[in-house]
Amino acid sequence: MSEAPSSGAPSRDPFEALGDPNRRAILSLLGAGERSVHQIAEQLPISRPAVSRHLRLLKEAGFVSEEARGTRRIYRLQDEGPAAVREYLARVWGEAGARFRLMAENTEDRT
């Protein structure tokens, strides 16, 4: 039985989720394909319970989803967290770019 995909914005700050090197390592592992907690823990210098806690935070931030397969939970990347990060960066850098362009257009060469 799989969990229904969540909708809407992530419930946790995606930038906070990206702040931990172990969570970033988990995302890198999942970038190669779905994995169980056990498979992830085998690749990291942290315990399975710690991996589970990191996965919970990543799930709340919209970076991963989980599916129950028998007694195992399988995790895979999902788009909500990265989409929130992209949207934020596009808004901030878009506004900064517009200000820079306006300043450049209104600056005369005074030499």
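Two strands are said to pair if DSSP finds at least two bridges between them. The model discussed here is predicted.

**The sheet**

By that criterion, the model contains an open sheet of 3 strands, arranged in the order β1-β3-β2 with antiparallel pairing. Its edges are formed by β1 (35-36) and β2 (64-69), each of which pairs on one side only. Strands of a sheet pair through backbone hydrogen bonds, in either a parallel or an antiparallel manner. Between β2 and β3 (residues 72-77) the sense is antiparallel, and the pairing extends over 6 bridges. Within this pairing, E67 has I74 of β3 as its bridge partner. The hairpin of β2 and β3 has 2 residues between the strands, and G70 in this hairpin takes a positive phi near 65°.

Strand β2 is mostly covered, with 5 of its 6 residues buried. S65 is found in this strand. Is S65 buried or exposed? S65 counts as buried because its relative accessible area is 17%, whereas the limit for a buried residue is under 20%. Beyond residues up to four places away in sequence, S65 touches I74, Y75, R76 and Q78.

Helix α2 (residues 21-31) lies across β1, β2 and β3, and runs at about 90° to β3. The largest nonpolar core has 17 residues, and I26, I40, V51, L55, F63 and V64 are those with the most contacts inside it. Two or more residues of this core are given by each of α2, α3 (37-43) and α4 (48-60). Which element gives the most to this core? Helix α2 does, with 4 residues.

I26 has contacts with I40, L44, V51, H54, L55 and L58, when residues up to four places away in sequence are not counted.

| Residue | Residues touched |
|---|---|
| S65 | I74, Y75, R76, Q78 |
| I26 | I40, L44, V51, H54, L55, L58 |

How values were computed:
Residues are numbered from 1 along each chain as its sequence is written. This is a predicted model: local features need pLDDT of at least 70, side-chain atom pairs count only at pLDDT 80 or more; totals for chains, interfaces and linings use all residues. Side-chain values use heavy atoms; hydrogens and water are left out. Contact means heavy atoms within 4.5 Å. Axes are lines fitted to C-alpha atoms, for helices over the stretch in contact, and angles run from 0 to 180 degrees between N-to-C directions. Buried means under 20% relative accessible area, exposed over 50%, partly exposed in between (1.4 Å probe, protein chains only). A nonpolar core is a set of buried Ala, Val, Leu, Ile, Met, Phe, Trp, Tyr and Cys residues joined through side-chain atoms within 4.5 Å.
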